[in-house]
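Dear colleague,

Please find below the structure that I am handing over to you. My findings follow it.

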Amino acid sequence: MRSFIPTEAYQEPASASTSSRPKTVLVNGGAGFLGSHLCERLLERGHQVICLDNFYTGRRVNIEHLLQNTRFQLLEHDVRQPYDMEASVIFNFASPASPPDYQRDPVGTLLTNVLGAVNTLDAARRSGATVVQSSTSEVYGDPHQNPQRETYFGNVNPIGPRGCYDEGKRSAETLFFDYHRKYGVDIKVGRIFNTYGPRMRLDDGRVVSNFIVQALSNTDITIYGDGRQTRSFCYVDDLIDGFLRFADAGENCVGPINLGNPAEITVRDLAEIVLDLTNSRSRLVYLSAVADDPQQRRPDISRAREDLNWWPTTELKTGLKRTIAYFDALLTHKEVVEAV
Ligand code: NAD
Ligand code: UDP
């Protein structure tokens, strides 16, 4: 597969200056993998950050180091319940993301995405906040177009095991655009493609965490199906950069915008790279394919490049090495160094 990592220098967009004005920012799902990185980056920019989470998949350890910061506040709440918040910006990242996590409580997942969107949009409507939604490449389902552009409507099975998540996220997008058209809520919808990095859970069941943990412990690497299905993996820091740029973009920039790394790779090749980087003795084992598993996935990020002047800059091997260092530290009970 062709690797797509532009080599030009990464430039701040003209609008980035507004990003330094301190604001109160709410991060729903802030104790999760992506949410905790987002909270950290917002604090670095001088903002007041409120992290809202019900700890379904989030963990206190992800935000423990932020709790002493006087500009950081933790609020235990479930987005399925209404709430009010005086914030300038709301990032709605509250939803399980790993298939085993979201399939464990499918009704809860659907309601988190639908009621969570309604309650968040209502809060934004009352306070005048900009609300940024973490949508997903899963809105494209098992796509018939590759790469996926934002104009593609997708191929989703509404009654399969992924439906609770896919249709929840699709409904949330519908709600975002209806609140925008009907009530003038300032919205931004970002479609995230597979993102990985430090603070993923050891047992979250996603492919990157599974393969690294299996390789480091020299146990079998579990490939579902024949391993020829593809994904395109984005390192967490790149993804958060994209979201921060999106939040800073003008109110006409509503999306949807794909945010991900277009470097496409088969699951089998990913396993080989992880084996190589860890010097592992693990064997590759082929298990049954999972239902409705998308066979190809790669973002077309032309819109993000044009509207946000954004593209990912972290090569897969570089990001994997940092993630391996993180999991290695976790597995050997070493202190996890935040700088990995
Ligand atoms: P994660 O599971 O680590 O984080 C999700 C967070 O949301 C957790 O802290 C969890 O406790 C919280 N949460 C779940 N249900 C909630 C509820 N009802 N009320 C309040 N909090 C709730 O997953 P992540 O990878 O950090 O994903 C964050 C967001 O990004 C999700 O919305 C996910 O759908 C989206 N996304 C992620 C990826 C990815 O590759 N990581 C890809 C596409 C979309
Ligand atoms: N996968 C795999 N082995 C694993 C975990 C996942 O082969 O131990 C495959 C899975 O079937 C899918 C791809 O890796 O084709 C990505 O899976 P993940 O759960 O990380 O994300 P998603 O399917 O939501 O993109």
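Two elements, α5 (207-216) and β8 (221-224), each supply at least two residues of the shell around ligand 2. Helices (H or I, at least four residues) and strands (E, at least two) are DSSP runs, numbered from the N terminus. The model is a predicted one, in which local features need pLDDT of at least 70 and side-chain atom pairs count only at pLDDT 80 or more, while totals for chains, interfaces and linings use all residues. Residues are numbered from 1 along each chain as its sequence is written, chains are lettered from A and ligands numbered from 1 in the order in which they are written, and side-chain values use heavy atoms, with hydrogens and water left out.

Ligand 2

The shell around ligand 2 has 18 residues, of which Val 207, Thr 222, Arg 231, Asp 293 and Arg 297 come nearest; a residue counts as near if one of its heavy atoms lies within 4 Å. By class, the shell holds seven nonpolar, five polar and six charged residues. Here Ala, Val, Leu, Ile, Met, Phe, Trp, Tyr, Cys and Pro count as nonpolar, Asp, Glu, Lys and Arg as charged, and the others, Gly among them, as polar.

- Arg 297: a side-chain N or O atom is 2.7 Å from an oxygen atom of ligand 2.
- Arg 231: a side-chain N or O atom is 2.8 Å from an oxygen atom of ligand 2.
- Asn 194: a polar side-chain atom lies 2.9 Å from an oxygen atom of ligand 2.

On its own, ligand 2 has 510 Å² of accessible area, and the protein covers 95% of it; such areas come from the Shrake-Rupley method with a 1.4 Å probe.

Ligand 1

Ligand 1 is surrounded by 30 residues, the closest being Leu 34, Asp 53, Thr 57, Tyr 165 and Thr 195. They divide into twelve nonpolar, 13 polar and five charged. The side chain of Thr 57 places an N or O atom 2.6 Å from an oxygen atom of ligand 1, and the side chain of Thr 112 has an N or O atom 3.1 Å from a nitrogen atom of the ligand. Taken alone, ligand 1 exposes 820 Å², of which the protein buries 96%. Two or more residues of this shell come from each of α1, β5 (130-136) and α4 (163-183), and β5 gives the most, with three residues.

Helix α1 (residues 33-44) has twelve residues and reaches 17 Å from its first C-alpha to its last, close to the expected 16 Å; the expected span is 1.5 Å times one less than the number of residues. Eleven of the twelve residues of α1 are buried, that is, under 20% relative accessible area (1.4 Å probe, protein chains only). Among them are Phe 33, Leu 34, His 37 and Glu 40. Just after α1, Gly 46 takes a positive phi of about 95°.

In helix α6 (residues 236-248), the end C-alpha atoms are 19 Å apart, which agrees with the 18 Å that its 13 residues should span. Eleven of these 13 residues are buried, so α6 is largely enclosed by the rest of the structure. The buried residues include Asp 238, Arg 245 and Asp 248.

Cysteines

A search of the whole structure finds zero disulfides (pairs of cysteine sulfur atoms within 2.5 Å). For Cys 39, the nearest cysteine sulfur is that of Cys 51, 4.5 Å away. Cys 39 counts as buried because its relative accessibility is 0%; Cys 164, at 11%, also counts as buried.

Yours sincerely

Notes. A polar contact is a pair of N or O atoms within 3.5 Å; within protein, one must be able to donate a hydrogen and the other to accept it, and residues adjacent in sequence count only if both atoms are side-chain atoms. Buried means under 20% relative accessible area, exposed over 50%, partly exposed in between (1.4 Å probe, protein chains only).
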